[in-house]
Amino acid sequence: MRAKIFSYLYRFTRYVITNILYFFQKLFFLPSNLEPAVRFGDRMLGSFYFFKKIIFDFPLPKNSNVHIFDLEFPSPIIGSSFKSDKKILEMWLRMGIGGIIFKTIMNKKRFGNSEPRLQDIIINNKKGLFNSLGLPGPGLDEFIYNLNNSELWSFNRPIGISIGGESENEYLNNIKTINTSLDNKFKSYFFELNISCPNTETGQVICENPEQLDSLLKQIRMFISKPISVKISPDVDDNILADIGQLCSEYDSIIINAGNTHYKSREELGFNKKTFSMQGGGVSGPSIFYRTLSMVEIFSKFNSPIMATGGISNIEHINTLKNAGASLFGMATNLVLDPYCIPILNEKV
C-alpha cells in the first residue's frame, strides 16, 4: 500500500511540474523541452533524502534471486543504462532494484547533443520518451574517481559499467583502465558494451558488424574474465541478430542485453528542428515492447543468459519475456516515469 501511495504522489507531482514547465516555455516562446523538468525532479527527490527510510526503503523480493556467472541479483529487475546520478541510483537500490547499470561512459568528457534532446511522447495511448542525449558524461578519470568512492557498493548488488567508444581502441582502453582501478577492491560488477546507441554518429557501427564485435570480444578476453553484457539494438536486422547470438554463445561469461531505444526520425514523431535538435533519436517506453520480445525469442536459441531491455512496464511484460527465455529485465523509461514501480513489481516477480 505504501508503494502505491507514493507511486500516485510521484506521478501526480511529475504531471504538475511538467505541465507548469511547458506553460512557461510557451509563455516565453521557448521550444518545449522535457529535460529541465527531469533535472528538477531529480533534485527534488534528492531533497527528501533525509526521509529515505520512509520514502525510499522497501524490502527485496523473496525467492526471486537470479544467479548469472558470479553475479547475484536479488531481484530480476535491473536499472538499465540511463542515469549516472548516484543519489538516483541509490534511491532505486533502496527501493529494491536487483542491480544497476551506469550511463555509458567514454574516454573524454562529453556534453552531448544540444537541447532540446529529450521529449515526452505518446504512442498508442501509452507514454514514452524520445531522446537524443548523445552520451553526455564526465569522462573516464572523473568517473573512476567517483565510482571508487561511491556508497553504491555498500548495497552488495551487481553494478554494470556501460562502455562506449568511437573505436575498438577506445572501448579497450576504457575497460582496461576501469578494471585496473576496481580489481581486487570490488567483486560484484560487470561491463556492458554499448554497441547500439542510436544517438551518436558512430554508436551503432559495431552492432551492425558481428566480425568487428568478435574482434573486440577477443581482445577484451585477453585481459579480463569479468562478465560482459552486450547491448544490442532493436534496429538491427534479424539475421544479424542471429549471427550476434551465435557469436556471443561462443564466449564465456557473456550476457546478451536484448534491446535499446528504437530509432525514429523527429518528423515521424511530429517534432521539428526547434523542438528536437537532432534529425532523430531513440524511442523508449511500452511501444517498443514487442520488438524486445522478438529479440528475446531470437536469442533464446543460443546458450547465453538474456537481459531484456525495452518497453517493460508491468508484470505481464516481465512474465512474457521470462517465458520467452529472459532472466533479467532492464528498465529505464518506466523508472523515470515512476520509480515506485520497483517495489510494486517486486511484490509480483
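Reply: Asn 257 is part of strand β10, which covers residues 254-258. Keep in mind that this is a predicted model. Is Asn 257 buried or exposed? Its relative accessible area is 1%, and buried means under 20%, so Asn 257 counts as buried. What does Asn 257 touch, leaving aside neighbours within four places in sequence? The contacts are Glu 192, Ser 229, Val 230, Lys 231, Ile 232, Met 307 and Thr 309.

The residues they cover in α6 include Tyr 171, Leu 172, Ile 175, Ile 178 and Leu 182. Helix α6 runs over residues 168-182. At 1.5 Å a residue, its 15 residues should span 21 Å, and the end C-alpha atoms are 21 Å apart, so the two values agree. Just after α6, Asn 184 has a positive phi of about 75°.

Now the aromatic rings. The structure holds 15 aromatic pairs. Phe 130 and Phe 276 make a stacked one, with centres 4.1 Å apart and 20° between the planes. Phe 130 is in strand β6 and Phe 276 is in the loop between β11 and β12, so this pair ties together parts 146 residues apart in sequence. Phe 130 is buried, at 0% relative accessibility. Phe 276 is buried as well, with a relative accessible area of 0%. Tyr 189 and Phe 191 pair edge-to-face, 5.9 Å centre to centre and 90° between the planes. Tyr 189 is at 0% relative accessibility, so it counts as buried. Phe 191 is buried too, at 0%. Lys 226 lies over the face of Tyr 189, 4.2 Å from the ring centre.

Strand β6 leads on to β12. The strands β6 (126-131) and β12 pair antiparallel over three bridges. Asn 131 stands opposite Gly 282 of β12. Strand β11 (262-265) also runs antiparallel to β12, joined by four bridges. There, Lys 264 has Gly 281 as its bridge partner. How many of the five residues of β12 (280-284) are buried? Five of the five are, so β12 is largely enclosed by the rest of the structure.

One more aromatic group: Phe 6, Tyr 10, Phe 58 and Tyr 340 form one cluster. The charged end of Arg 2 sits over the ring of Phe 58, 4.0 Å from its centre.

Key. Residues numbered from 1 in each chain as written. Predicted model: local features only at pLDDT ≥ 70, side-chain atom pairs only at ≥ 80, totals over all residues. Heavy atoms only, no water. Helix = DSSP H or I, 4+ residues; strand = E, 2+ residues; numbered from the N terminus. Expected span 1.5 Å × (residues − 1). Buried < 20%, exposed > 50% of the residue type's maximum accessible area, 1.4 Å probe, protein only. Contact = heavy atoms within 4.5 Å. Pairing = 2+ DSSP bridges. Phe/Tyr/Trp six-rings, centres within 6.5 Å; stacked < 30°, edge-to-face > 60°. Lys NZ or Arg CZ within 6 Å of the ring centre and 35° of its normal.
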